[in-house]
Amino acid sequence: MIAILDYGSGNLRSALRAFETTGRKVFITSDAEQAEKADALVVPGVGAFGACMDGLRKVNGDQIVKSRLALGKPTMGICVGMQIMFERGVEHGSFNGISALKGTVEKMSAPVLPHMGWNTVKVKGNSKLFKGIEKESFYFVHSYAVHDANVEVGATTNYFGEFISAIEVGSITATQFHPEKSGAAGLKLINNWVESL
């Protein structure tokens, strides 16, 4: 069973539909026990870093994620759901993240923000996530990103400078882009993740 964490942020219905294409049972929940027990957990995210962290704490989501990661249980962050896995975000202030990953989410240096639309990824190493879709494009909508992190990076993307667009480390998988909005390539990525569980 795959749980999608409802903490007041994210495109829950589109995420639900996308993950259901894998044939697995998928449900949306804000219940801590259900989220902790699920075979896999998806943490979506839309909006500002600090607001997402506030919403996450209201449903004890930060502790849910930490508990799952301590037990090595697969957890996937999407967009701001990836960003909050890091130590800190500086969008409209300075806010602590979950600190599952080392790094700071900073404003991108680009003449046009947000970085919105389709872009490619540069896959690092032997990626399970991007198997068969290494050359595809994915859909991004963000103005903040992690440029340098002391973690094993799954992929980077260039938009007036390189930023981390995917993470594959231990039981954490995360994407800065929206796989649920990335057409066939996004569905393939989701399926790759589910097959790796």
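This is a predicted model: local features need pLDDT of at least 70, side-chain atom pairs count only at pLDDT 80 or more; totals for chains, interfaces and linings use all residues.
The space in the second largest pocket comes to about 170 Å³. By class, its lining holds five nonpolar, seven polar and two charged residues.

The largest pocket contains about 340 Å³ of space. Its lining is made up of 20 residues. Lys128, Glu168, Val169, Gly170 and Thr173 are the ones nearest the centre of the largest pocket. Strands β12 (153-158), β13 (162-169) and β14 (172-175) are the elements that supply two or more residues to that lining. Nine residues of the lining of the largest pocket are polar, seven are nonpolar and four are charged.

The model also holds an open sheet of four strands. Their order is β6-β5-β7-β11, and the pairing is mixed. Strands β6 (95-96) and β11 (144-149) form the edges. Each of these edge strands pairs on one side only. The partner of β11 in the sheet order is β7, which spans residues 101-107. Strands β7 and β11 run antiparallel to each other and pair over four bridges. Across this pair, lysine 107 stands opposite tyrosine 144 of β11.

Terms used: Residues are numbered from 1 along each chain as its sequence is written. Side-chain values use heavy atoms; hydrogens and water are left out. Two strands pair if DSSP finds at least two bridges between them. On a 1 Å grid over the protein atoms alone, a cavity is a set of points where a 1.4 Å probe fits but cannot get out, and a pocket is an open set with protein on both sides within 12 Å along at least five of seven lines; lining residues have an atom within 4 Å of a point. Grid points are joined across faces, edges and corners, and a volume is the space filled by probe spheres set on the points. Ala, Val, Leu, Ile, Met, Phe, Trp, Tyr, Cys and Pro count as nonpolar, Asp, Glu, Lys and Arg as charged, and the others, Gly among them, as polar.
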